[in-house]
Amino acid sequence: MKLKSLGILGNNSRIRNYILPHNERRHYPFIDNKIKTSKILHKASIQSPKLYFSLSSHGEIKYFHEKIKELSSFVIKPAKGAMGNGIAIAKEVHWDSLKEDTSFVTTRRETMSYEALMYHISSVLSGLYSLNGQQDEVMIQELLTLDPFFDKITYQGVPDIRVILFYGVPVMSMLRLPTSMSGGRGNLHQGAVGCGIDLKTGRLTYSIQNNKAISAHPDTNQKIKGLTLPLWDDILSLSVACAEVSNINYMGVDIVLDPVKGPMVLELNARPGLSIQLANKQGLHPRLKKIEERLGTKNKTPNAELSLREKIEFSKKF
Amino acid sequence: MKKFKNILILLLILLPICTLVFKSQFLNISLVPKANTDSWVLELSYDEVKDIPNDPLKLDKNFKLPVPKTSHSQKVTYLKISPESKENNLGSENSSNAESKDKVLTAHVKTFGQKQIQPPTDKKLNKLELRKFLSLPELNEETLSQLNTISTSIVFETDTDIEKLKKIFFYISDELILQPNNDELDDVLTLKSGSYLGQARLLTALAKINKIPARIAFGIQILEPTPKDTNRYIRVLYSEAFIEGRWVPINPHQKDFGVLKDDFIVLDKDAGEHAQVYNDRNLFSIYIKPLSFRAFNSKSFLKKMKEKPVFWSYISLHRFPISIQSIFFGLLLIPFGTVILSFMRVVVGVETFGIFTPILLTLFFLETSLAYGLSFFILVVLLGLSQRALLDKFYLLAVPRLSVLLALVILMYTGYAILMNNFGLLANSAQDSLSYFPIVIITVFIERFSIYFIEEGGLNTLKRSLGTFAVSIMCYLLLSVTSLKSLLFNNPELLLLAIGLNLALGSYKGYRLLEFLRFSDIESDEEAPGV
């Protein structure tokens with residue numbers, strides 16, 4: 001069992017040993033519904049993209065035109081969506097006082113008509129992209145800009161940094177770089193690149209695409225290994241802060257670097273994936289065990305409380 | 001809690017198994033009702049060594065094993081003769097030769113039973129055949145005159161061939177008693193009794209005297225197998241007469257004229273001189289055993305159940321009316337399909353559309369048939385996909401769009417039925433497969449599939465589809481095993497086993513098999529070149 005000796009966490013073990021015993025079901029809505037997440041984060045003064053407004057019924061669609069008057073760009077997201085499905089990005093808004101003449105430019109430089117966008121919104125509201133097909137809400141969020149650091153190692157979309165935390169201690173982290181194959185999206189299973197991050201320094205280590213090791217970004221051919229993420233300590237503390245307000249013990253935090261505002265929390269995830277282990281060439285299991293030993297986690301509450309500083313210190317020893 | 005769960009799992013797995021053992025060993029209830037067999041494994045062998053050379057009566061140098069043939073009453077699905085080299089060795093016939101062992105013929109025969117007499121044809125026998133089937137065997141004067149006397153006493157010159165035959169048939173079936181080992185014609189005539197062979201010889205001879213071509217045929221009448229002995233049959237030598245262009249079987253002892261009994265395997269339609277060997281248990285041996293069955297005999301099972309302790313017969317599902325029985329017959333096995341589904345997802349790691357879509361697909365296939373269901377399903381899904389892509393352009397709200405899709409699926413369904421009907425195919429397989437149930441499954445699948453296709457791209461969709469189909473086909477194969485269904489139907493407590501197995505699978509923490517593939521690259525230290 002090669003995987004076992006490496007401490008690789010399998011899907012069954014992830015669910016049975018970590019998600020089910022450590023995460024409380026009643027806290028899920030705050031993570032699964034991104035509008036709720038956004039509100040909580042704002043309340044706790046955690047940097048995250050601004051929520052312009054949200055729609056919860058088809059009737060509100062007719063006011064949409066009025067509401068975007070002042071906006072030059074925005075992102076449309078299903079509140080209960082998963083894996084980045086159902087997201088539409090308006091990079092430019094060509095506003096016209098007549099509804100029909102308003103149009104949008106997406107990240108792929110395609111023009112989207114007003115009608116098409118409204119159709120998309122109504123599909124989202126009908127629950128097309130929600131986790132279990134239930135009625136959904138639409139959030140209209142601030143569009144973040146790309147930090148120049150990523151210019152040469154991404155394709156179209158905005159890269160994000162995934163940090164997995166266990167009882168607030170960062171366990172493992174990776175950078176996700178969109179590619180042409182992933183269609184500008186950050187999902188690893190669609191062909192985005194995942195890069196392991198050294199928790200101590202923020203230095204990028206190994207890279208994978210489609211579960212296979214690579215050395216350079218497939219679209220830009222830029223070497224990734226050895227680059228160091230800017231503001232790494234800020235990113236770590238931001239992720240720990242998220243964990244502290246969320247009440248979810250085993251979770252993932254997705255963070256985006258904005259050139260002006262710095263690290264911003266994009267979303268939280270109660271069921272973070274396992275490919276992060278491939279990107280780091282490390283298993284999650286030994287690290288999670290260490291945290292369990294240190295904190296003495298029983299019944300979903302740790303015996304020992306660590307301060308934010310201590311948590312980061314602990315994680316840097318991995 | 002963990003301990004409790006493990007005990008529960010153990011209990012749920014052991015309890016049904018124990019009741020099965022208890023029922024079968026102590027209450028003597030068979031686990032499945034007796035099957036109505038229709039397919040048989042047949043083994044014929046000829047022991048040449050026992051063919052005593054100095055007994056001219058028994059010596060039969062030209063004997064070959066009879067080869068059962070496919071006909072309107074039976075179908076031969078498998079045939080093997082061993083050892084094969086036997087034929088080549090005939091030139092240097094040597095009984096001490098090690099190779100001249102028993103020759104064995106193995107065949108699988110399915111019996112249909114003859115429901116009606118074959119219709120007349122225009123076929124005529126050629127001269128050679130006529131001579132063969134009309135020539136009487138060598139008989140002494142006395143026997144021949146006896147035969148003529150009988151013939152003239154029962155048959156009128158003016159009778160048609162069929163009337164003559166019938167009279168001969170009734171004469172033999174009424175006047176003669178079955179007497180084993182009484183094979184020779186003169187003995188039959190003097191004693192007024194005969195074996196199957198003796199009676200067949202008499203009937204054939206009488207037919208030939210009346211210028212009706214006739215021959216002796218050989219087959220076996222299969223008897224109901226008992227649990228201890230499945231090899232139960234009677235060797236039957238009977239006659240066949242050629243009337244109105246077809247050979248008509250006549251078996252006076254079993255009162256069969258024109259049709260033979262249901263569980264009858266015809267081995268040789270023209271036994272001729274080999275008849276004597278066929279009749280000899282020592283020289284020519286036959287072994288049969290059931291191969292497959294068409295259905296279970298629920299009625300006799302219930303009868304037996306009622307003799308058992310009250311509790312067991314009280315909970316027997318055989319008490320339901322037949323229509324309700326048939327529901328449970330399929331229903332009870334479904335949880336075991338979900339065991340397969342759980343196993344494939346949790347242990348193997350196959351990805352599927354939705355959680356229960358594979359099971360719904362399985363039900364669809366069960367309601368139609370695998371080949372038909374699968375091809376129809378793929379066709380409709382592809383058509384539906386293109387229609388949905390078109391609908392996407394209209395910017396419709398979700399529920400009306402799904403409704404349009406549903407109507408289109410029904411329309412395709414109708415078109416398909418019309419097509420089948422016009423080709424005259426509706427009567428057979430399609431009739432059972434047209435039902436309400438699958439339509440919604442198809443519609444929902446199209447919707448889910450097309451969203452997934454747009455969101456996740458072709459490759460991921462294909463992977464997931466293959467996973468879904470693979471799991472549903474596996475479940476289908478399991479759920480279509482009739483004997484399993486019957487086992488569940490007779491012992492519904494086995495459902496606890498399915499729960500136990502699922503609890504065990506739900507507690508599995510190990511790696512999924514496909515994860516070994518997924519993480520296989522983790523150790524490779526140097527990266528492959530980019531791009």
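This report walks through a predicted model of a complex, from its confidence values to chain A, the interface and a sheet in chain B.

In this predicted model, local features need pLDDT of at least 70 and side-chain atom pairs count only at pLDDT 80 or more, while totals for chains, interfaces and linings use all residues.

**Confidence**

The predictor assigns the complex an ipTM of 0.80 and a pTM of 0.67. For chain B, the mean pLDDT (the predictor's confidence in each residue, from 0 to 100) is 78, and 85% of its residues reach 70 or more. Two stretches of chain B have pLDDT below 50, and the table gives their contacts beyond near neighbours in sequence. Two residues are in contact if their C-beta atoms, placed from the backbone, lie within 7 Å.

| Stretch of chain B | pLDDT | Contacts in the model |
|---|---|---|
| Residues 84–101 | below 50 | eleven contacts |
| Residues 526–531 | below 50 | 17 contacts |

Where pLDDT is low, the predicted coordinates should not be read in detail.

**Chain A and the interface**

Chain A has ten helices and 14 strands; these are DSSP runs numbered from the N terminus, helices being H or I of at least four residues and strands E of at least two. Of its 318 residues, 45% count as buried, that is, with 20 or more other C-beta atoms, placed from the backbone, within 10 Å of their own.

Where the chains meet, 34 residues of chain A are in contact with 28 residues of chain B. Several elements of chain A each supply at least two residues to this side, including α2 (11–22), α6 (114–125) and β11 (204–209). The residues of that side divide into twelve nonpolar (Ala, Val, Leu, Ile, Met, Phe, Trp, Tyr, Cys and Pro), five charged (Asp, Glu, Lys and Arg) and 17 polar (the others, Gly among them).

**A sheet in chain B**

Chain B holds an open, antiparallel sheet of five strands in the order β9-β8-β7-β6-β10; strands pair if DSSP finds at least two bridges between them. β9 (256–257) and β10 (264–268) of chain B each have a single partner strand, so one side of each lacks a neighbour in the sheet. Strand β6 (residues 214–222) of chain B pairs with β10(B) over four bridges, and Ile220(B) stands opposite Ile265(B) in β10(B).

Helix α4 (residues 161–175) of chain B packs on this sheet, touching β7 (233–243), β8 (246–251) and β9 of chain B, and makes about 150 degrees with β7(B). Helix α6 (residues 196–209) of chain B lies across β6, β7 and β8 of chain B, at about 5 degrees to β7(B). These angles run from 0 to 180 degrees between N-to-C directions, with axes fitted to C-alpha atoms, for helices over the stretch in contact.

Terms used
Residues are numbered from 1 along each chain as its sequence is written. Chains are lettered from A and ligands numbered from 1 in the order in which they are written. A residue is buried if 20 or more other C-beta atoms lie within 10 Å of its own, exposed if 12 or fewer, and partly exposed in between; C-beta atoms are placed from the backbone.
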